[in-house]
Amino acid sequence: MTYDPQTLHGFAHDSIARGSKSFALASQLFDRETRERVWLLYAWCRAADDLTDGQDHGGTMTAGHDAKAAVARIRDLTDRAYAGQPTGDPAFDGLGYLLTEVDIPRAVIDDIIAGFDLDAADWRPRSEQDLLRYSYHVAGAVGVAMALVMGIDPADATTLDRASDLGIAFQLANIARDVAEDAAADRCYLPVEWMVELDIPPGQHMHPAFRARLSVMAKWLSEMAEEYEASARWGARKLPPHSRWAVLAAAGIYGDIAREVRARGDHAWDHRAGTSIVAKLGWVARAGWSVLRRPPQRRISRDGLWTRPRADTARAEASA
């Protein structure tokens with residue numbers, strides 16, 4: 001297939017500008033080639049996520065939407081993209097074009113699609129391990145794919161584990177921030193075992209009587225997110241300077257979401273937690289200074305952190 005890079009890059013730029021102001025800002029720090037590739041990958045992820053949920057850039061969900069049929073369509077269009085065939089969808093054609101420039105093993109993309117499978121099945125975590133496995137499929141695997149786009153060797157499993165950690169950190173922050181929004185959509189990503197431990201009846205976690213206990217879970221999520229963020233920051237040492245700048249800025253910006261939720265305590269969901277433009281620019285500046293200095297020499301251990309399964313193991317677990 002003959003691709004039109006200018007059109008595909010323009011579509012991808014519009015997608016990230018609409019879908020994620022924070023990531024759109026951080027992506028400006030990449031060199032041009034990497035930035036355009038990151039946009040293409042983001043546009044595929046955004047389109048696939050919207051197909052699963054029946055949304056347009058995270059908007060209102062479509063009533064009666066068949067999520068399982070949507071995931072089947074995602075697989076079909078992704079198959080075509082990997083085969084270099086036209087898909088009729090610029091997000092998937094963009095993935096096809098990206099694959100002519102970057103080696104992204106199909107197993108990595110399949111790990112992301114496994115996350116859409118979980119959402120389509122209205123899956124909910126029972127344990128903390130379930131929560132981390134879900135966070136890997138919907139965000140950690142995206143971090144792995146992004147690292148490959150930034151030039152990390154597919155065989156460098158150690159660095160890719162750190163990239164997965166950043167995605168997991170982002171997802172844990174999102175879950176803490178979006179508890180109320182998820183509940184309104186009849187979704188819950190808080191482990192059942194946490195609910196039992198804090199004596200919160202099923203489906204009642206948003207009741208005002210349990211707000212103090214809910215804030216305890218938000219604190220747990222925030223603390224977990226910080227652990228994975230710290231691991232990812234150390235792993236960013238392997239990235240080229242511009243990519244390291246962008247990743248460290250994004251880590252700080254998203255990390256502030258989890259920190260803000262924790263700081264608000266019982267009032268965390270009175271209105272949506274976010275990061276101001278001043279704070280975002282502050283992280284851009286701090287990340288730039290970090291890149292100019294010598295990388296940290298004290299290794300941040302991954303001991304005790306959840307580690308992504310490898311290839312077939314990940315897909316088997318996701319379907320279990």
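## A walk through the interior

The largest cavity is lined by Leu118, Asp119, Asp122, Trp123, Arg124, Arg187, Cys188 and Tyr189. A cavity here is a set of points on a 1 Å grid over the protein atoms alone where a 1.4 Å probe fits but cannot get out, and lining residues have an atom within 4 Å of a point. Its volume is about 50 Å³, and the count comes to 3 cavities of 30 Å³ or more. Volume means the space filled by probe spheres set on the points, with grid points joined across faces, edges and corners. The lining splits into 4 nonpolar, no polar and 4 charged residues.

Before going on, keep in mind that this is a predicted model, where local features need pLDDT of at least 70, side-chain atom pairs count only at pLDDT 80 or more, and totals for chains, interfaces and linings use all residues. Residues are numbered from 1 along each chain as its sequence is written, and side-chain values use heavy atoms, with hydrogens and water left out.

Tyr189, from that cavity lining, also takes part in a ring pair. Tyr134 and Tyr189 are stacked, 4.9 Å centre to centre with 15 degrees between the planes; rings pair if their centres lie within 6.5 Å, and planes under 30 degrees apart count as stacked. Tyr134 sits in helix α7 and Tyr189 in the loop between α9 (179-184) and α10 (192-197), 55 residues apart. Helices are DSSP runs (H or I, at least four residues) numbered from the N terminus. Both Tyr134 and Tyr189 are buried, meaning under 20% relative accessible area with a 1.4 Å probe, protein chains only.

Phe170 and Tyr254 make another stacked pair, at 4.2 Å centre to centre and 25 degrees between the planes. This one links helix α8 (residues 157-177) to helix α12 (residues 241-264), across 84 residues. The whole structure has 9 aromatic pairs, and ring pairs also join Trp44, Phe92 and Phe116 into a cluster.

Trp44 turns up again in the largest nonpolar core: of its 100 residues, Trp44, Ile104, Leu172 and Leu190 touch the most other members. Such a core is a set of buried Ala, Val, Leu, Ile, Met, Phe, Trp, Tyr and Cys residues joined through side-chain atoms within 4.5 Å. Helix α7 (residues 128-149) gives the largest share, 12 residues.

Finally, look at Ser222 in helix α11 (residues 211-235). Ser222 counts as buried because its relative accessibility is 0%.

Conventions
Buried < 20%, exposed > 50% of the residue type's maximum accessible area, 1.4 Å probe, protein only. Helix = DSSP H or I, 4+ residues; strand = E, 2+ residues; numbered from the N terminus. 1 Å grid on protein atoms, 1.4 Å probe; cavity = no way out; pocket = protein on both sides within 12 Å on 5 of 7 lines; lining within 4 Å. Nonpolar A, V, L, I, M, F, W, Y, C, P; charged D, E, K, R; others polar. Phe/Tyr/Trp six-rings, centres within 6.5 Å; stacked < 30°, edge-to-face > 60°.
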